[in-house]
Amino acid sequence: MAERKPRLLVTRQVFPEVLEYLSSRFELDTNQDDAIWSREQLLERVRDKDALYVVTSDKVDAELLAAAPAVRIVATGSVGYNHIDLMACRARGVVVTNTPDVLTEATADMAWALLMATARRVCESEHWLRAGHWKRWAWDQFLGQDLFRATLGIVGMGRIGSAVARRARGFEMRILYCNRSPAANEAELGAHRVERDALLREADHVVLVVPYSSETHHLIGARELATMKPTATLVNIARGGVVDDAALAQALRDGRIAAAGLDVYENEPALDPALLAVPNVVLTPHIGSATRSSRLGMAMLAAKNLTAWLDGAELPTPVVPKA
Ligand code: NAP
């Protein structure tokens, strides 16, 4: 009797070429509908699976692993893995893979898109124009903040932070950053490592690109926002929860900082209504990596991790957390 193929659960719609690649090696159970499975449905679907192909909104914790006793690999189609309990995976002998590098440049471009839209009030002025308010040109209409030769503060100078910094060199910006340890490429980037408060005090524009963890939860809250310049802009391309969204909405309302550009939110896809009510914020729906080549690269890299695992080969991109 032929041996059965390992069973793989694919929790979210994925590109057809990726499904085709996986279908030759796995028995697939896929969610190709627009509807998202509830937690209960997910717990039911994982029950008989050997492998999981997940996205950032799928919480892989001890409860889910207990419901899926045969699972030995979790491949996430993201570089961030804060939705996966690594300790619980390790305790059950489950390996975890992610998708670094393939999304770095697209995400850095999006950080810049938010930065420029925010600093130069692109969305705010467009809404005003569409609403029919534009009756005359005026010297002081929608004055924004300079980017050229301004000071950029990058919180998290890793792969994406470095790509953001490389683009900043074209704008002749002074680049400050903070990491827990010095970045090996700081000389090449012309970047200076400073304490977080010094960065917040001195930067004209702050970009957040740190992973979410208990250490980075509310890294930017009311105190940090009060430390920033009143003319400063803030971009969060990292993860929801790195910023205290309620404190940010209050700071924007009070003019304690000039503006913000956000791609990620604490309870996404739900948004703090206070954020929707302030005009000086640009909001995008977690599309940092959303170019076709980047998203296809991520989806295929997650699939290649799964087939490498099946072959007993070296995994292309296993998650190896920093000690
Ligand atoms: P990475 O190469 O691992 O870089 C993360 C950087 O953050 C490292 O330089 C790290 O340096 C620093 N860091 C970690 N903890 C820190 C802390 N507590 N304080 C200050 N710095 C800290 O990761 P990446 O590929 O650049 O991705 C970064 C994050 O971006 C991902 O984890 C993901 O959540 C997010 N992301 C979002 C999107 C989107 O669609 N919006 C797309 C891609 C990625 P040290 O270890 O020295 O501190």
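**First stop: helix H11**

Select helix H11 (residues 245-253), whose buried residues are Asp-245, Ala-247, Leu-248, Ala-249, Ala-251 and Leu-252. Here, buried means under 20% relative accessible area, exposed over 50% and partly exposed in between, with a 1.4 Å probe and protein chains only. Helices (H or I, at least four residues) and strands (E, at least two) are DSSP runs, numbered from the N terminus.

A word on the model: it is predicted, so local features need pLDDT of at least 70 and side-chain atom pairs count only at pLDDT 80 or more, while totals for chains, interfaces and linings use all residues. Residues are numbered from 1 along each chain as its sequence is written, and side-chain values use heavy atoms, with hydrogens and water left out.

Now show what covers the buried residues of H11: this includes helix H10 (222-227), strand S10 (233-236), strand S11 (259-262), H12 and S12. After H11 comes Gly-255, with a positive phi near 70 degrees.

Next, colour the largest nonpolar core, which has 31 residues. Such a core is a set of buried Ala, Val, Leu, Ile, Met, Phe, Trp, Tyr and Cys residues joined through side-chain atoms within 4.5 Å. Trp-112, Leu-152 and Met-157 are among the residues with the most contacts inside this core. Which element gives the largest share of this core? H5 does, with eight residues.

Zoom in on Met-157: leaving out residues up to four places away in sequence, its contacts (heavy atoms within 4.5 Å) include Ile-175, Tyr-177, Leu-189 and Ala-191. A second, separate core of 30 residues includes Leu-219, Leu-248, Ala-249 and Val-281. Leu-248 and Ala-249 take you back to the buried residues of H11.

Select Thr-104 in helix H5 (residues 104-119). Is Thr-104 buried or exposed? Thr-104 is buried, because its relative accessible area is 7%. Beyond its neighbours within four places in sequence, Thr-104 is in contact with Arg-159, Ile-160 and Ala-163.

**Last stop: Phe-15**

Finally, pick Phe-15, in the loop between strand S1 (7-10) and helix H1 (16-23). Phe-15 counts as partly exposed because its relative accessibility is 24%.
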